[in-house]
Amino acid sequence: MASTIFRKKPSSGPSLTRMQRNLNNCFAYDLVPSPSVIAAALRAARRVNDYPTACRIFEGIQAKVENQHQYEEYLHDLKPLREELGVDLKEELYPTTPFR
């Protein structure tokens, strides 16, 4: 399962580079990662204290989905986790930016 990549705690401690490389691999495919993979990636980003990457994960989802409705479904599914981790969306930080 892809989400286990983000759950592993390497013996040398959390690695920002390793987390970003794995995240890049997830978004490199034509498929949108599942919500469980996104949740694990968000937790990994916050674990290594990388708030910008946590915010950018949602930009990656937005770029991968086919339409606004799918993006809103991801936002709905991941809202409790976003609130728990304190991750804002680009739309919340910069409200004048349109979709895509």
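Predicted model: local features only at pLDDT ≥ 70, side-chain atom pairs only at ≥ 80, totals over all residues.
Arg-82 is buried, with a relative accessible area of 9%; buried means under 20% relative accessible area, exposed over 50%, and partly exposed in between, for a 1.4 Å probe and protein chains only. Residues are numbered from 1 along each chain as its sequence is written, and side-chain values use heavy atoms, with hydrogens and water left out.

Side chains of opposite charge can pair when their charged atoms come close. The side chain of Arg-82 meets that of Glu-92 in a salt bridge, 3.5 Å from N to O. The term denotes a side-chain nitrogen of Lys or Arg within 4 Å of a carboxyl oxygen of Asp or Glu. Because Arg-82 lies in helix α5 and Glu-92 in helix α6 (residues 90-93), the pair ties together parts that are ten residues apart in sequence. Helices here are DSSP runs (H or I, at least four residues), as strands are (E, at least two), numbered from the N terminus. Glu-92 is partly exposed, at 42% relative accessibility. Salt bridges that share partners also join Arg-56, Glu-59 and Lys-90 into one network.

Arg-56 is exposed, with 54% relative accessible area, whereas Glu-59 is partly exposed, at 24%.

Helix α5 holds a further pair, Lys-79 and Glu-83, which lie four residues apart, about one turn of the helix. Their closest N and O atoms are 3.9 Å apart in a salt bridge. Lys-79 is partly exposed at 41%, and Glu-83 is exposed at 54%. The count of salt bridges comes to four.

In soluble globular proteins, nonpolar side chains tend to be buried together. The largest nonpolar core has 23 residues, and those touching the most other members are Ile-38, Leu-42, Ile-57, Phe-58, Ile-61, Tyr-71 and Leu-78. Two or more residues of this core come from each of α2 (16-28), α3 (35-47), α4 (51-64) and α5 (68-85). Such a core is a set of buried Ala, Val, Leu, Ile, Met, Phe, Trp, Tyr and Cys residues joined through side-chain atoms within 4.5 Å.

Cys-26 is buried at 13% relative accessible area, and Cys-55 is buried at 8%. The whole structure contains zero disulfides, a disulfide being a pair of cysteine sulfur atoms within 2.5 Å.
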